[in-house]
Structure formats: C-alpha cells, structure tokens
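Here is a short report on one protein model. Have the sequence and the structure open as you read.

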Amino acid sequence: KDQRLIVGFDLLENDHVVIHELLIASAETGQQLVEALHAEGDARRYAADAYSHNADRMLDWLIRHLGDEEDLVVPAILEHSEQELFGR
C-alpha cells in the first residue's frame, strides 16, 4: 500500500532469521549450562557466561525488533487497516 514501507518490512522479516538463530544459540548454551552444573572447575562459569552472552544478545534483538515493529507496523495498520495490509 505504501512503497516507502517495503524496506522496513524487509528488515523486520530479516530480523526473524537472526532472532531464530539467536533462539537456537540460547537454547544450546542453556543446555550446555545445565550439563556444566555437574562439572568441576571453571566449566560452570564458562557455560554461564556463554549462556548469559547469548541470552543478552537475543533480548537486545527482540527489544529492538519489537520497537521497530511498533514504529512501522502499528502506524501502517492504523492508516491502512490490518485487512487491507495483510488480506485478513
């Protein structure tokens, strides 16, 4: 409906790929943390650091993405209606 929005919607769609990868990394490092809880030495700390790093990156992406969606999608829906934009 508004050609100026195409780039924004494409960026939001590409975010979904990155968020999916971050979800996988977070799940994997979360599982490694659970497994490391039974380990000795620094393994627990390293696993906790890895999980924390991945979880923080994922949260940062999600917050930014949701803000971008709110800035782009909500005004578009208010202007054009959801049915008009998405054929629902």
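## Burial and Asn54

A residue counts as buried when its relative accessible area is under 20%, and as exposed when that area is over 50%. The model is predicted. Asn54 has a relative accessible area of 11%, so Asn54 is buried.

Asn54 lies in helix α2, which covers residues 43-80. What does Asn54 touch, leaving aside neighbours within four places in sequence? Its contacts are Ala25, Ser26 and Thr29.

## Helix α1

Helix α1 runs over residues 6-36. Its 31 residues reach 45 Å from the first C-alpha to the last. That is close to the 45 Å expected at 1.5 Å a residue.

Several residues of α1 are buried, including Leu12, Asp15, Ile19 and Leu22. Ser26 and Thr29 are also among them; both are in contact with Asn54. The cover over the buried residues of α1 includes α2.

## The nonpolar core

Which residues make up the largest nonpolar core? There are five: Leu5, Leu12, Leu72, Val73 and Ala76. Helix α2 gives the largest share of this core, with three residues.

## Salt bridges

How many salt bridges does a search of the whole structure find? It finds three.

Arg64 pairs with Asp15, and the closest N and O atoms are 3.2 Å apart. Arg64 belongs to helix α2 and Asp15 to helix α1, so this pair ties together parts that are 49 residues apart in sequence. The two partners can be set side by side. Asp15 is buried, at 7% relative accessible area, whereas Arg64 is partly exposed, at 36%.

Arg64 also forms a salt bridge with Asp68, where the closest N and O atoms are 2.8 Å apart. These two are four residues apart in helix α2, so about one helical turn separates them. Asp68 is partly exposed, with a relative accessible area of 30%. Through shared partners, salt bridges join Asp15, Arg64 and Asp68 into one network.

Arg45 forms a salt bridge with Asp42, with the closest N and O atoms 3.8 Å apart. Arg45 is partly exposed at 44% relative accessibility. Asp42 is partly exposed too, with a relative accessible area of 41%.

## Aromatic rings

Where does Arg64 lie relative to Trp61? Arg64 lies over the face of Trp61, at 4.3 Å from the ring centre. Pairs between aromatic rings are another matter: the count comes to zero.

Note on methods:
Residues are numbered from 1 along each chain as its sequence is written. This is a predicted model: local features need pLDDT of at least 70, side-chain atom pairs count only at pLDDT 80 or more; totals for chains, interfaces and linings use all residues. Side-chain values use heavy atoms; hydrogens and water are left out. Buried means under 20% relative accessible area, exposed over 50%, partly exposed in between (1.4 Å probe, protein chains only). Contact means heavy atoms within 4.5 Å. A nonpolar core is a set of buried Ala, Val, Leu, Ile, Met, Phe, Trp, Tyr and Cys residues joined through side-chain atoms within 4.5 Å. The expected span of a helix is 1.5 Å times one less than its number of residues. Rings of Phe, Tyr and Trp (its six-membered ring) pair if their centres lie within 6.5 Å; planes under 30 degrees apart count as stacked, over 60 as edge-to-face and the rest as tilted. A charge sits over a ring if NZ of Lys or CZ of Arg is within 6 Å of the ring centre and within 35 degrees of the ring normal. A salt bridge is a side-chain nitrogen of Lys or Arg within 4 Å of a carboxyl oxygen of Asp or Glu.
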